[in-house]
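Keep the picture open as you read.

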Amino acid sequence: MSEQVLSQILATLSSLHASQQLLSQKVDRIQAEKVHESKIKDALFLRPSRPSSATPAYSGHSDSDMDTLVSPTFAPATLGHPESSMYSDPPVLTTYPDQEGIKPYKMNWGAADPAERGPIVVSRLPSSFKIRNALGAYSGSYSIYRGLAVAMGDLPFDHRPNFENTQPVIEIQQQPQWSDPTKIVSMDPFGHLTSTLYKSEIEDQDLDIRPTIAITRAHMIVPELQDELKNGGLAVDGKVIVNESGELNVHKAAVDPVWYLPGVAARLNVEESFLRRSLFENSGGMFPELITRPDIKVFLPPIGGLTVYIFGNHELLSDPNTRLTVRVHDECNGSDVFGSDICTCRPYLIYGMKEAVKEAQNGGVGLIIYFRKEGRALGEVTKYLVYNARKRGGDSAEKYFARTENVAGVKDMRFQALMPDILHWLGVTKIDRFMSMSNMKHDAVVEAGIPILERVAIPDELIPPDSKVEIDAKIAAGYFTTGNIPDAADLKRTVGRGWDDFHH
């Protein structure tokens, strides 16, 4: 046999051996995937089997064998915590519409009759898990703190609130807008009446149903308005400003978001399926049932809500013959609370409050709506990164929005399309004085069918020098003004404080 033939035979054998190894690897991978799929189905199954007393506790698996489905966290024997038995089963990661036992409680969003509409059922407790008609959790982002409290043993996992004496201090009359599924899509219009409207479901059916709106009253003390009282800009009337100390009489409502996903999608002009996918992906996959439960149309997102402050007679809010002054304000912790002078947020908020008080004293109603949308809904960390970029790179009105877009990819994520829902809930049909220069807020309100008769800009004397960069950039981009609109040359000339101007 020649060396050439022998070499060909050896090469062929080597090729066959390599092919056999490759085939063996593929078979092993297929088998592993089947095992993995079986374990996933077990973990996702609605009623996972509890291990018998003779079965060792789950020990968990490493990522390398694709088996990280059950963690030691779910094994009571490894914890020694008295409440650990409540999580002894593998977690149910998701459910499906056609799964055995799944039957969502009725939810007819937009129904005028609360009984026909049905309660928001979102709890994962055994009494309501199979009949949930909403995704997410009560209390929005604060549900995470509830999880910590349960994990630490400070809160029973099945705690139920005692609603005695928690009812609203004033009655918000049901409005026609409550039964228009296009008018209110981001809050539950019956959320303040849960404990009474659905008392039978709570007590007789043992369902964990909670309010998403709470209404109370308070006295407020605002230093700037106390100064206005001393200087004669405001006066004591005994009703709105109740005494010489400047205490303000106010009713206020806290509102957690409750999203009707088809309505939210329509308002944002996107497909519901794409909205669900985007919410799922951009929340780290936190809510898989956004994908697997298209039959559930209500979502309680883990975001901040809003607070409404009402000055004057709340019953007149829906009266078109009563004057109404409104300030819609998005949270700015640095300015609103701590007085940072890089923006106009607190000065404009206080000015809006002053005008709301004066309107109420003159027989109208004043309204402050405070949304938790810190840093244009980009968050405070992003906002501070932008501050650094602005100050280090030369802070000018010309570059104001570009600095934000460089960091966040977008200059604003507040997307005011959902904002008018609270006005519809209160029955507002027109606004006499709108204390905002924002074109986004103005356009959202008007497009919602609520006319604005007058727009009121912040007075020049209330604008801090370092916030001139912000206000000029916003006016040039479309914000309302009664003055001049800055051109490109003006924007270059408007500069803010640099790092060298700070005391270190």
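Ile170, Ile172, Ile215, His251, Lys252, Ala253, Val308, Ile310, Trp425 and Leu426 line the second largest cavity. This is a predicted model, in which local features need pLDDT of at least 70 and side-chain atom pairs count only at pLDDT 80 or more, while totals for chains, interfaces and linings use all residues. Residues are numbered from 1 along each chain as its sequence is written, and side-chain values use heavy atoms, with hydrogens and water left out.

What is a cavity here? On a 1 Å grid over the protein atoms alone, a cavity is a set of points where a 1.4 Å probe fits but cannot get out, whereas a pocket is an open set with protein on both sides within 12 Å along at least five of seven lines; lining residues have an atom within 4 Å of a point. Grid points are joined across faces, edges and corners, and a volume is the space filled by probe spheres set on the points.

The second largest cavity holds about 50 Å³ of space. Strand 3, strand 6 and helix 14 each give two or more residues to its lining, and strand 3 gives the most, with three. Helices (H or I, at least four residues) and strands (E, at least two) are DSSP runs, numbered from the N terminus. The lining of this cavity divides into eight nonpolar residues, one polar and one charged. In this count, Ala, Val, Leu, Ile, Met, Phe, Trp, Tyr, Cys and Pro are nonpolar, Asp, Glu, Lys and Arg are charged, and the others, Gly among them, are polar.

Now look at Ala214, which lies in strand 2 (residues 213–220). Ala214 touches Lys252, Ala253 and Ala254, leaving aside residues up to four places away in sequence; contact means heavy atoms within 4.5 Å. Ala214 and Ala254 are 40 residues apart in sequence, yet 5.4 Å apart in space, C-alpha to C-alpha.

How many cavities of 30 Å³ or more does a search of the whole structure find? The search finds three, and about 470 Å³ of space lies in the largest cavity. Among its 29 lining residues, the closest to its centre are Cys345, Arg376, Arg414, Glu470 and Lys474. Helix 12 gives the most to this lining, with four residues. By class, the lining has 12 nonpolar, six polar and 11 charged residues.

Helix 8 gives the most to the lining, with five residues.

Helix 8 also has a partner. Helix 7 and helix 8 pack at an angle of about 100 degrees, with their axes 9 Å apart. The two helices are therefore roughly perpendicular to each other. Leu261, Pro262, Val264 and Ala265 of helix 7 meet Glu272, Leu275, Arg276 and Leu279 of helix 8. Axes are lines fitted to C-alpha atoms, for helices over the stretch in contact, and angles run from 0 to 180 degrees between N-to-C directions. Angles under 35 degrees count as roughly parallel, over 145 as roughly antiparallel, 65 to 115 as roughly perpendicular and the rest as oblique.
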